[in-house]
Amino acid sequence: MSQMEKKAGLLRRTSSSKKPLKEKVVLMYDEIFSKEDPAKNNPRFWDELFLMKVNLEYLESKLESVDGEEVQRIQDNINSLFHHCIQALGEEHQIKVVNALQTLCALFRGVHQKNKSASGFDIINVLMGFDKAEQRMKDLMERLDSLLCGDGSESLKSLCLKLLLCLVTVTDNISQNTILEYVMINSIFEAILQILSDVSSRGQHGYDAVVLLALLVNYRKYESVNPYIVKLSIVDDEPTLDGMGMVVHQALTEYNRQYKDKEEENQGGFFSTLTSMVGSMFIADADEKLSVQTNEAILLALYEAVHLNRNFITVLAQSHPEIDIAATPATPTPTTPTTPLGTTPPSLDMMSNPELPLDPNLQTSNLLITFLKYASIVMQDTKDEHRLNSARLCLIILTCIAEDQYADAFLHDDNINFRVNLHKMPMRHRKKAVDKNIPSRPLVCAVLDLMVEFIVTHMMKDFPMDLYLRCVQIIHKLLCYQKKCRIRLHYTWRELWSALINLLKFLLSNETTLLAKHNIFHLALLVVNLFNMFITYGDTFLPTSNSYDELYYEIVRMHQVFDNLNCMVLRVSTNTGQWKEAASKVTHALVNVRAIINHFNPKIESYAAVNHISQLSEEQVLEVVRSNYDTLTLKLQDGLDQFERYSEQPKEAAFFKELVRSISLNVRKNVSLNTLSQDVLLKEFSTIS
């Protein structure tokens, strides 16, 4: 049977000369697409239609195929179909409700597909009629709200969310979807919150609800007042916020688990043997195969919650045992498949199983730890566009967290320690760490580890400048908090200093290539100012005086890098060119670093000469440093502990617009009501009259 025959719902061929028969529902669709009112000769037409199993493919293709004149001719019938779909949603007969929901989805998709190829084709007028659109959409949203909040079938609730996701994602750019104006006016925000606050409904519908909310928040967010943004920003109901956090946590946990499973698969068998035979030459390429498709939709939901709602910050920090966040009772699996929409959604079992372990290395966990692990995976390989977007969004979320006073207090609390096993990229010069003895430390240490790991592993030809800038700025914001609150964090600061110096070295070595694409002086300035933070205020937040000595040791030991940087920025700033001003800022910022080098280097050389030592040990250099602080003169630099707070508009607006477009396309691709098996749905409700 051909594809067209399938769409037409052909039943059988009676003979070679006769045309195949059509399903009754297809014949009824054909009546709707004729000029006459289908109920004229059959008053029970609409009642009968919604008792028929929907043929989605045929209905959508029929809507797409009609031309402009035909549309005007049959518009009254399409308006009537839309109206009767809404009426059917209030029926007690559940089969009618199921068929009405599926028909509405076919109408939204079919008419929007038609709109792509026909200019001046007004969707609202064709579906509802201008004069009745407001009332029709009010009725529709009220019926959907009633179904979502009622005690009815979980399958119907799932179908309602699928319809709403279908409606929100029918256009590539959701802000151009004019029907969503009615979804703004007739809000379903409270229905979404009810789903998230209830343990049972959250387990089955939480994922779709969170993705739907994230998309609705992004409708014309820069152009008008979006009620979903306003309402999300003031939610203070603890069960609701916890529920949202639970859904995000479990989706990210599932991603981390899938990655870990793939990693373990690849570490055994032939791959492992081959790697040991040929060395680590191909480790990076082989590891790319470990990629698990990213989930930007759930990450966007986390961002919106963190960015808009200060109360949500407390959810990030809530500790729980290594079993699931809340010991929720197992809920029965609904008779209709409810695979959440998106890329790597959690399974239903995950959403309700109280015996689910998180990580054998962790006694306690929280959403922030799960997020950091997720970030450590997606930030490894940024060559793929989706992973690059995910990495960028992870860093934006961490930026918002680093600016929040409550989050900073939690991150730095020495009484709340965690073991966080971040994923690290395999590299030729180091073995993949399998550290079973990760120390229990304040969470800020894991954030710093993540930043250091990124800095060390992404110095490459296709340099991700934007991500580097964000990394360095996150470190700076954390240092500002430590300086302000005089928190002496016991951290391996030398690893950070070494990573930053190597980054400067990389910028110098690739000056010509990088300058063709990037302003490397801005990044260099941020890095140098991090050193200035340590030099100027280190005595207030470094853990010991020894740490301060080690800082000077590292600067003196790697003086050649700073000398070369100074020569380069002097050369550029003394010539006319586009980078003159940017380079001169770095020259000024280097004044104290150069003072340290120029002060201590002669002292170290003199000490070596007097004691006839050709190469000093680290302890001997530190001794010289300690005994010569008194004669060192440094300049006080202003504004080192100041930073520009994150603002989405206007800097990030273009990024989020494209990100939401990508998420919308992906969700649309996955919203197939055919996956909600019609046969299963009809079987579930066949006993209901």
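Predicted model: local features only at pLDDT ≥ 70, side-chain atom pairs only at ≥ 80, totals over all residues.
View 1. Two or more lining residues are given by each of helix 21 (385–403), helix 24 (465–485) and helix 27 (520–541), with helix 24 supplying the largest share, seven residues. By residue class, the lining divides into eight nonpolar, eleven polar and nine charged residues.

**View 2. The aromatic pair Tyr 548 and Tyr 552.** Among the 23 aromatic pairs found in a search of the whole structure, the rings of Tyr 548 and Tyr 552 have their centres 5.1 Å apart and their planes at 50°, so this pair is tilted. Because the two tyrosines are four residues apart in helix 28 (residues 545–557), they are separated by about one helical turn. Tyr 548 counts as buried at 16% relative accessibility, and Tyr 552 is likewise buried, with a relative accessible area of 1%.

**View 3. An aromatic cluster and two lysines placed over rings.** Tyr 491, Trp 493, Trp 497, Phe 534 and Phe 541 form one aromatic cluster. Lys 483 lies over the face of Tyr 537, at 4.6 Å from the ring centre, while the charged end of Lys 221 sits over the ring of Phe 656, 5.5 Å from its centre.

View 4. Although Gln 560 and Lys 505 are 55 residues apart in sequence, their C-alpha atoms are 9.4 Å apart in space.

Definitions and conventions:
Residues numbered from 1 in each chain as written. Heavy atoms only, no water. Nonpolar A, V, L, I, M, F, W, Y, C, P; charged D, E, K, R; others polar. Phe/Tyr/Trp six-rings, centres within 6.5 Å; stacked < 30°, edge-to-face > 60°. Buried < 20%, exposed > 50% of the residue type's maximum accessible area, 1.4 Å probe, protein only. Lys NZ or Arg CZ within 6 Å of the ring centre and 35° of its normal.
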